[in-house]
Amino acid sequence: MKREEVVSHLKAFDPEIYNLLEEERERQRYTLSLMPNMNAMSPFAKYLEGSILTNSFFDRRDDTPTGGLHLVGIVRERVKELFHADHAIVRLGNIVAASRVVFQALLSPGDTVLSFNLRKKDHVAGLSYTFENYGIEPGTQEIDWGAVRTQAEKVRPRLIIFSPVSYPRTIDYQILFEIAQSVDALLWVDISQSVGLVASKMVSSPVPFADVVTFSTRDSLRGPDGAVVLTKQDLAARMETAVINTGHEALHMNHLAALGVVLREAGSERYRIYCEQVVKNAQVLARTLADHGASVLCGGTDTHLVLGSTATGIDMREAVKAIGRMGMRVKPDSVPTMTSGLFLHALRLSTSNPTTRGMREEDIAYIGSLLAKPLTAILSAEEIEKTRQEIIALVKDAPLFDDDWMGVAED
């Protein structure tokens with residue numbers, strides 16, 4: 001049955017679900033997402049997700065050229081080659097599942113975890129570990145590695161976690177590795193929202209230094225739901241055992257194939273150019289917000305991420321409401337610091353999705369000027385509606401995935 005016929009039958013058979021589909025189509029087309037955990041899927045991956053492979057199941061005994069075990073091998077080798085990793089686990093459904101596998105492979109109940117911004121604490125429901133925080137200094141809004149070393153020596157963690165979800169600057173992973181070594185701790189780095197920049201070598205890779213590296217396969221990689229665990233060889237057996245013991249046997253073959261193709265895309269020159277544009281756009285967004293009077297944390301960005309905040313006297317909650325009514329989707333966050341109980345309020349903004357839609361520096365500068373309005377002033381309903389129309393005019397003809405970023409065969 002052709003796609004148009006399926007849609008027509010769906011509309012008649014289940015109008016409630018059909019209407020939700022249409023509403024989401026309209027939302028994605030006529031609004032602009034600056035959320036770091038939202039990006040359009042690669043057309044290749046999207047096709048494979050809905051392909052005939054959906055009807056196939058994974059059988060770990062089937063190592064024929066069309067079997068699930070063979071496909072896992074292809075995906076695993078692509079991951080290892082792309083990130084220069086010793087060992088890779090690719091059959092995990094999401095980053096929460098991957099995180100719980102890592103915890104149960106590496107820790108015993110009661111162990112202490114030193115985690116940047118307390119990352120991963122929300123992934124350990126039912127597990128018993130003691131979490132300690134480290135973060136940026138509230139004054140400089142940078143990481144003081146001497147203070148992190150002191151904290152590590154004080155709490156003596158079994159595991160140190162770093163995840164740059166709320167930190168837009170580059171990291172010297174050598175320093176973090178040395179701190180972990182000095183207190184006999186394992187080092188785990190989650191690069192979910194910047195994995196594409198790592199793959200394209202736009203930012204440094206933690207793989208040579210970390211015992212474990214994890215990442216989501218959607219968002220930055222523009223792939224299907226899923227997660228990957230990279231480990232040093234001496235931890236491979238423990239990690240594989242934890243995968244089996246926690247019931248994560250495999251992804252469906254359509255997911256695995258979709259993951260395989262985005263990994264090939266991530267190693268291409270066209271993807272590197274895309275990631276270069278993502279970083280250029282982020283730097284323009286940070287600069288434009290600052291030039292228009294908004295606050296930008298950490299002095300700017302080296303990645304896809306911009307931490308934008310309000311000018312003095314502007315309530316963040318009201319600003320977020322206004323931004324939503326303007327047709328932009330953003331993610332507010334409270335960023336922990338090294339001072340206990342002190343948080344910095346900011347919007348975690350990403351240029352990944354606007355770049356995927358084909359927007360360049362000029363577009364991003366315009367977006368930044370519009371976004372700065374509710375961050376620096378209280379807007380009237382008329383001003384909000386005027387800005388909403390400007391956003392619609394910008395995005396209504398923009399594709400969800402620009403053809404310039406499609407993977408192509410390279411010589």
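Modeller: In this predicted model, two strands are said to pair if DSSP finds at least two bridges between them.

Biologist: Over how many bridges do S12 and strand S13 pair?

Modeller: Strand S13 covers residues 343-350, and its pairing with S12 runs in the antiparallel sense. The threshold for pairing is at least two bridges, and for S12 and S13 the count is 6 bridges.

Biologist: Which strands are the edge strands of the open sheet?

Modeller: The sheet is formed by 4 strands with antiparallel pairing, in the order S9-S10-S13-S12. An edge strand here pairs on one side only, and this holds for strand S9 (295-296) and strand S12 (331-336).

Biologist: What angle does the direction of helix H11 make with that of S10?

Modeller: Helix H11, spanning residues 269-291, packs on the sheet and touches S9, S10 and S13. Helix H12 (residues 316-325), for its part, lies across S10, S12 and S13 and runs at about 15 degrees to S13. For H11 and S10, the angle between directions is about 15 degrees.

Biologist: Is Gly308 buried or exposed?

Modeller: Gly308 belongs to strand S10, which covers residues 305-309. Leaving aside residues up to four places away in sequence, Gly308 touches Leu289, Ser295, Met316, Ala346, Leu347 and Leu349. Because its relative accessibility is 0% and the cut-off is under 20%, Gly308 counts as buried.

Biologist: How far apart in space are Gly308 and Leu289, C-alpha to C-alpha?

Modeller: Leu289 is among the residues that Gly308 touches, although the two are 19 residues apart in sequence. From C-alpha to C-alpha, their separation in space is 7.4 Å.

How values were computed
Residues numbered from 1 in each chain as written. Predicted model: local features only at pLDDT ≥ 70, side-chain atom pairs only at ≥ 80, totals over all residues. Heavy atoms only, no water. Helix = DSSP H or I, 4+ residues; strand = E, 2+ residues; numbered from the N terminus. Buried < 20%, exposed > 50% of the residue type's maximum accessible area, 1.4 Å probe, protein only. Contact = heavy atoms within 4.5 Å. Axes fitted to C-alpha atoms, helices over the stretch in contact; angles between N-to-C directions.
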